[in-house]
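Could you walk me through this structure in my viewer, one selection at a time? I would like to know what to pick next and what is there.

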Number of protein chains: 4
Amino acid sequence: MIIKMSSAASDAEIAHVVERVKECGCQPNISRGVEYIIIGAVGSPDMRIQLEALRAAPGVEDVIPITHPFKLVSRQYKQGRSVVRVGPVSIGDGEVVVIAGPCSVESRAQLLLTAHAVRDAGANMLRGGAYKPRTSPYDFQGLGVEGLQFLKMAREETGLPVVTEVLSTEDVEIVAEYADMLQVGARNMQNFSLLRCLAKLQRPILLKRGPSATIKEWLLAAEYLLAGGNSDVVLCERGIKTFETETRNTLDLSAVALAKELSHLPVIVDPSHATGRRSLVPSLSKAAIAVGADGLIIEVHPEPERALSDGPQSLDLEGFATLMRHLEEPAAKLARTDAVAA
Amino acid sequence: MIIKMSSAASDAEIAHVVERVKECGCQPNISRGVEYIIIGAVGSPDMRIQLEALRAAPGVEDVIPITHPFKLVSRQYKQGRSVVRVGPVSIGDGEVVVIAGPCSVESRAQLLLTAHAVRDAGANMLRGGAYKPRTSPYDFQGLGVEGLQFLKMAREETGLPVVTEVLSTEDVEIVAEYADMLQVGARNMQNFSLLRCLAKLQRPILLKRGPSATIKEWLLAAEYLLAGGNSDVVLCERGIKTFETETRNTLDLSAVALAKELSHLPVIVDPSHATGRRSLVPSLSKAAIAVGADGLIIEVHPEPERALSDGPQSLDLEGFATLMRHLEEPAAKLARTDAVAA
Amino acid sequence: MIIKMSSAASDAEIAHVVERVKECGCQPNISRGVEYIIIGAVGSPDMRIQLEALRAAPGVEDVIPITHPFKLVSRQYKQGRSVVRVGPVSIGDGEVVVIAGPCSVESRAQLLLTAHAVRDAGANMLRGGAYKPRTSPYDFQGLGVEGLQFLKMAREETGLPVVTEVLSTEDVEIVAEYADMLQVGARNMQNFSLLRCLAKLQRPILLKRGPSATIKEWLLAAEYLLAGGNSDVVLCERGIKTFETETRNTLDLSAVALAKELSHLPVIVDPSHATGRRSLVPSLSKAAIAVGADGLIIEVHPEPERALSDGPQSLDLEGFATLMRHLEEPAAKLARTDAVAA
Amino acid sequence: MIIKMSSAASDAEIAHVVERVKECGCQPNISRGVEYIIIGAVGSPDMRIQLEALRAAPGVEDVIPITHPFKLVSRQYKQGRSVVRVGPVSIGDGEVVVIAGPCSVESRAQLLLTAHAVRDAGANMLRGGAYKPRTSPYDFQGLGVEGLQFLKMAREETGLPVVTEVLSTEDVEIVAEYADMLQVGARNMQNFSLLRCLAKLQRPILLKRGPSATIKEWLLAAEYLLAGGNSDVVLCERGIKTFETETRNTLDLSAVALAKELSHLPVIVDPSHATGRRSLVPSLSKAAIAVGADGLIIEVHPEPERALSDGPQSLDLEGFATLMRHLEEPAAKLARTDAVAA
C-alpha cells in the first residue's frame, strides 16, 4: 500500500500515519519528494481495509493499493490452468467447448428440437433458462421447475450436459437437482448471498461477468466461490455496458485475454448477449476462439421470430449448424491450438 | 411498436409481418418510403415481446418500441406525487429528509455515538449496514443480526427510524423485524427474487439505482415492487459507472430530475457513494436539493480513518453538523420550496 | 513515481531499474514486500515519461504516477481563484454569469430577437454558433462570417459580450475579430493545434470538456492554454458520454466541484447540451449554481421547433425569462453566496 | 421519421405537426394507439433536421429517425468492398495488411532500425508519428518536419509505404509531401475542418475511431471525407473509453464486424492503443483477423523501456517478429480466407 501525503503535511500528521501503519503490522518506508511524501506500507496484506481508511487521515491525499486483491483465483496461487469437468465435458483443456440452446426453455417440443439439432451440429453442452431474470415484471419469467424437467429430458435424450441459470438461493437446491452446471447471470455477479451458497455446492459454476464489472471485480466474485470451497468455476465474458448502442453490449475480448493472464480459471465467451445481433455472432465466435477463449455459449432457437426472449440474437438451427462447420475447419482448429500454446 | 423493413423486402415477407402483427392483436399500418417500409403496430401493449421478436423475421431491419415499458410507477398511472411514510418521517412531501449514519455498523458504541450526533445535528433517519455487500470476500462482511440489534437500540435511544440493507431473501424476515425501511443495494437492483420477496412485505423500500442501470431499468425494478403489491418505494440515485475515475461513481442528477418527471415516486440522493470523496459531499448535497431531490442519504462516521468501510467518503460528526447547518439556511430551504413548486 | 516489480524479479532486473531511475535524476527508494518490490522514484517531475516507460522493463509490473500532471492550472500553483473578464463581465468573482442564445446563428432576425430577449431577461452574455461542428456533413454547418457579423450587430445593439465557437486554426483570426470570447467545443478539447494557436491570442477562452475527457485530461487541455501564454480560461462542463441514453449526455456536477478543488480557473455549466431536454434545463441550472458553478450557458431559440440545430434542448424566449426569474430569487442567490463562501 | 405524440395531444397540435410534415415535403401517416399517436413522415430524407426539430413542438414526445444518416459510406450506396491502395499495398482485398513502427519517430537511428526490422519480419507498411497529440503540453510533442524526413528515408531504404498522423490543417500540405497515407487520430475524428481539408487531398486516409464515438459517428466522419471527394478511406478501430481501467481502452471488435456490415470501406485494428499492454497485443491481433479486419497497425520500438511515448504497449523487434510468424501460420491465414468469404 502506498500512502501519498501532501508535502505540506505536518510532522504530527506524518507521525500519526506512520504509527497507524505500524499498528496495522506493516513496515513504513518514507520517501520525501518536492510535492509529496510517499509512505510505502509493506507487510500484512490482511490489513488492506485498515490501511485504505487512512485516506481519511489529515494530510493524506491518496492511498494506492499495490497488490491484487484476489488470491485463490490468481496464477500466483496456482500454476498451470484449471480444467473444469461437467459430466463428460472438460472446459479449459485446450479444446473449444460449445454450449448451445435457447435463451428460455419455452416448451418441451422447443427444447428437445433444439437440443437434438445442436448436438447433431456438434455442440458439447445444452443451455436453456428455466428461471429468467427479466428487466420488466411483465415479460415471460420462465417455466421454473417444469423448465428444469424439460432440460433433464433433453439431457437424457441427447447426452448433453445441461447448464441453466439460478436466480436465488432458494432455488439452488432444485436447480442443482436437475442441472449439471449452474449459471450465475450477469446481474447476479455480485449477489454475494448466492455466491456464498453456490460455494458450498458440489457442482460446477458458470460465472458471467456483470455488465459494469471490472475484470478485478469479476475475479473477486469468483474468489467468493473458491474461498467458500468450490473451485469448479468457469468465467464467462458476455459484453459490458458502454455508450455504444448499435450492439446490445460491447464484447470485451481483451478481458478474456487478461483474465487468462491473471487467473488459472477457464474463460468462455457469450457472443449472443454481447452483440444482440444474430449477424455478428459467427465472426465474434471466431474472434473469441482466436483470442484464446476456452469455449462459447450461443443462443439457438428453432424459430427466433417467435422466441419469448432474445429472438434477435438467436441463431436458428441451420445458422448454428453453419457456424459449427466453420468452427470445425482446420483454420479455426489451428488458430485454437496456437492460442493454447501461446 | 414500429417495424422497419428494408424496401427490398419481398411482398411475401411484408405479408408475413403483417400477419404476425394481426396475430398479436395489433392493427398494422404501412408507410412505404424510398429506403424503408414502416409498419406501425398499434394495439395491445401486452404483446411487446412477441412483436419485438419480429426483429428476427426476414426483411425486418429493426423493431422500435414506442411506449414506455413501465406502468404503475409512471405519472400517467398516478397523478400527483407519492409520499412514503417511515415511522414519523414522510419522504416526498416537499421537505428534504436527511438520512445519516455509518456505512457499516461496527460496534454498539460506534453506532450509538453516531446516531445521537446525527439526530442532534438534525437528521431525520439513521442508516447503517448490518449485512454488507463487499467486492472482496476478505473484507468485513458486517455484524449481521448483532448489527440489527444495535440499530434497534439506536432507534430506541434516538427516536430515529432506521434503514438498513437486505442482501438476500433469506434475511428479509429478520431484517424486517428490526428495520423501519429496507434498502435494496445498487448491486441488487436487478435481483428479481429479492424484489419479488420485498414486494409482499408491508414495509417501505429504498431502491438504489444499479451502477449500470438506465433510468428505465431502474423504474422497471421499482415496477417489480409495485406490481407485487408494495407501493412504498423510494428511489435513490447513487452514481453510475463511467470512464471517470477521479470520483468513485458519476452522480447523475439529471436522472433525479427525469425520474421525477417520469414517475410519481420520491427520489433521494446518496452523495457519499456517488463521489467517494468526503470533500465533495457538501456541494453535491446542495445540488441534489436544488435539482429537486426529496432527501439525502449521507455516510457519517465518528472516526473515518478507522472505518471498516468507506472511510474516505464519510463525514465525521463535526463535518456532518456543519453540512446540516448549511442545509438549514434560508437559501437551501427556499431553493427547496422552489424546486417542489416547479 | 512508484515502480512496482515482481518479487520474482532478479537482482539484475532490480539493479537495472534502479540505474534507470538514477539516470532520470531521481532518488530510488526500495521497499521489499512478500509479493512485490516497490521502488519509489522521488525527484525531477520532468522525467515522468522516461520513468513511465520503465513499465516495459523486465520484472516491472506497473509504474504508478504520484503527482498530478498539471501545474499552472492547479491551486498549488496559484492561491485564490482566477477571475476572467469578458468586456464588462467578470466570470469567477462570485456572481453567477448567465450566457444565453441560440445554438446556431440562423439569421439576422433570429439572432437579434433572441439577443434582446435574453438581455431583457437578465443574461450577461450572448452565445451563438457561426461555425458549427456537425456529426453529419449533410447538416447545417453554420453561416460562417455572416454569422459573425450578426453576432457583432447583436453586441452593438444589446451591449452583451459575445462568445462563439472556433473550429479551426484558420478561423481564429476572423473569429477573434468579431467575438469577445472564443469557445473551444467539446469535440475539439484535444485539438492541440487549435489550443496552441489560442494560447497566443489576447482573448478569453471558453474550454468545453470533451465528451470522454477525464477531469485530468480537461485540466491538461487548459494547461496547454496557460503554458502557451493565455491565462484567461473558463472551463465548461457539458456532460459526458455514458451508457444512459434518456439524456443526451450525463451532466457531471461532481466534476464541477472537483475541478474547482483542483484548479483556480472558473467553471461554468451547459445544462442544454448535457441533458438534451428542455424540461430538464431549469432544475439542472439550479443544481449547477448550488454545486458552485460560476455561470451557466443556455440555449435559447425564439422558435425551437424550427431550429436548425438542438431545438429539443432549447428554451423559448418565455421559458428563458421564467428560468431567470427563478434564478434571481433569494433562494438561488443565497445558495450561491453560500457556495462561494464554502 | 416517426413522430410520437401524446394521446392527450389536442387536435390543433396534431394538425400543426401534420402541417409541418407536409411543409417538409413528406407524407404524414397517422396511427392512433391507446397511449400514443404515431405519425410516420415518409419522403425527403433531406429534411431530417427540420423534422427532428419537431421534438420541440407541443404535444410531441419524441421524434425517432428511421433511416441511417450516412450515404456514400454505406453498402446500400456501393455494392462490393472498397480496396484502398497505398503505393504497392492494397487494403481491403482479402489479404491482411500489417502496418508497424514506433509510436513516435524519435531519431533517425531508432526509425531506420525499426523500419528494417519490421520489413524483414513481414510488415507491409511503416507507421511513426512526427506530430504527436499529447495529453500534456509537457510531454514530447514529436520531431515535426525532421520526423517526416526520417520517415521518407525509411521508405526509401525499405520500400515500405509510410502512414503518419496529421494534427492540423496547416500541416496537411507538408505531411502529404512526405507520407503515403495520412492518419486522422482518434482525438481528431470529429475535427471537421481537418476532415474537409483532407477530403480534397489525393491521398489515402486512415481514420481512427474516436474514443467516445459511436459506430454511426465514426461512419459519418468518414462520410465527410467521401462527400468532400476522397474515397480512399480506411477505418481503424483502436478501442473506446469505458469504465474498465485494466486496459487502456476497450477494443470493440464487434464494431469491426458491424462497420463492415454497414459500410464498404476497409477496417483495420490497432491492438496496441486499444489494450495499452504489450502482453495482450498478440492474442488481440489474432482475434482482429478472425473477426474479419483487413489489417493491423502495431506499435514496435527497438527499446520500449526508453520509448518517448507508449513504451508499455510497444512490442520490441523480436516480439514483433514472433507475432508475425504466428500470423503467417496456416491457421491464421485460413481463418482469414474464411472471414473474407463469409
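Start in chain C by selecting L126(C) and V162(C): L126(C) stands opposite V162(C), which belongs to β9(C). Keep in mind as you look that this is a predicted model. Now widen the selection to strand β8 (residues 125–127) of chain C together with β9(C); the two run parallel and are joined by 2 bridges.

Next, colour the side chains of β9 (residues 162–165) of chain C. V162(C) and T164(C) point one way from the strand, V163(C) and E165(C) point the other way, and all are buried.

Move over to chain A and show it as a cartoon. Its secondary structure comes to 12 helices and 14 strands, and its C-alpha atoms fill a box of roughly 75 × 45 × 40 Å along the principal axes. Of the 342 residues of chain A, 62% count as buried.

Select β7 through β14 of chain A. These 8 strands make a closed barrel in the order β7-β8-β9-β10-β11-β12-β13-β14, with parallel pairing. From one strand to the next, the twist averages 25 degrees. For one pair in detail, pick β12 (residues 233–237) and β13 (residues 267–269) of chain A, which pair in the parallel sense over 3 bridges. Within that pair, E237(A) stands opposite V269(A) of β13(A).

Helix α4 (residues 145–158) of chain A lies across β8 (125–127) and β9 (162–165) of chain A, at about 165 degrees to β9(A). Helix α7 (residues 215–227) of chain A lies across β11 (205–208) and β12 of chain A, at about 160 degrees to β12(A).

Your next stop is helix α11 (residues 317–328) of chain A. How far apart are the end C-alpha atoms of α11(A)? They are 17 Å apart, which agrees with the 16 Å that its 12 residues should span at 1.5 Å a residue. Select L317(A), F320(A), L323(A) and L327(A), the buried residues of α11(A). Look down the helix axis: the buried residues of α11(A) fall within an arc of 125 degrees, so they line one face of the helix. The face turned away from that buried side carries the exposed residues E318(A) and R325(A).

Jump to chain B and find G319(B), placed in helix α11 (residues 317–328) of that chain. Is G319(B) buried or partly exposed? G319(B) has 19 C-beta neighbours inside 10 Å, so it counts as partly exposed, since a residue needs 20 or more to be buried. Draw a distance from G319(B) to L160(B): the two are 159 residues apart in sequence and 20 Å apart in space, C-alpha to C-alpha.

Bring up chains A and C together. Their contact takes 19 residues from each of chain A and chain C. On the chain A side, β1 (2–6), β2 (26–32) and β3 (36–43) each supply at least two residues, and β3(A) gives the most, with 5 residues.

Finish with the nonpolar cores. The largest has 367 residues, of which L207(A), L253(A), L253(B), L207(C) and L207(D) touch the most other members. Centre on L253(A): leaving aside neighbours within four places in sequence, its contacts include A287(A), V291(A), L251(D) and L253(D). A second, separate core of 49 residues includes V17(A), L54(A), I66(A) and A307(D).

Note on methods
Residues are numbered from 1 along each chain as its sequence is written. Chains are lettered from A and ligands numbered from 1 in the order in which they are written. This is a predicted model: local features need pLDDT of at least 70, side-chain atom pairs count only at pLDDT 80 or more; totals for chains, interfaces and linings use all residues. Helices (H or I, at least four residues) and strands (E, at least two) are DSSP runs, numbered from the N terminus. The expected span of a helix is 1.5 Å times one less than its number of residues. A residue is buried if 20 or more other C-beta atoms lie within 10 Å of its own, exposed if 12 or fewer, and partly exposed in between; C-beta atoms are placed from the backbone. The arc is that of the directions from the helix axis to the C-beta atoms. A nonpolar core is a set of buried Ala, Val, Leu, Ile, Met, Phe, Trp, Tyr and Cys residues joined through C-beta atoms within 7 Å. Two residues are in contact if their C-beta atoms, placed from the backbone, lie within 7 Å. Two strands pair if DSSP finds at least two bridges between them. Axes are lines fitted to C-alpha atoms, for helices over the stretch in contact, and angles run from 0 to 180 degrees between N-to-C directions.
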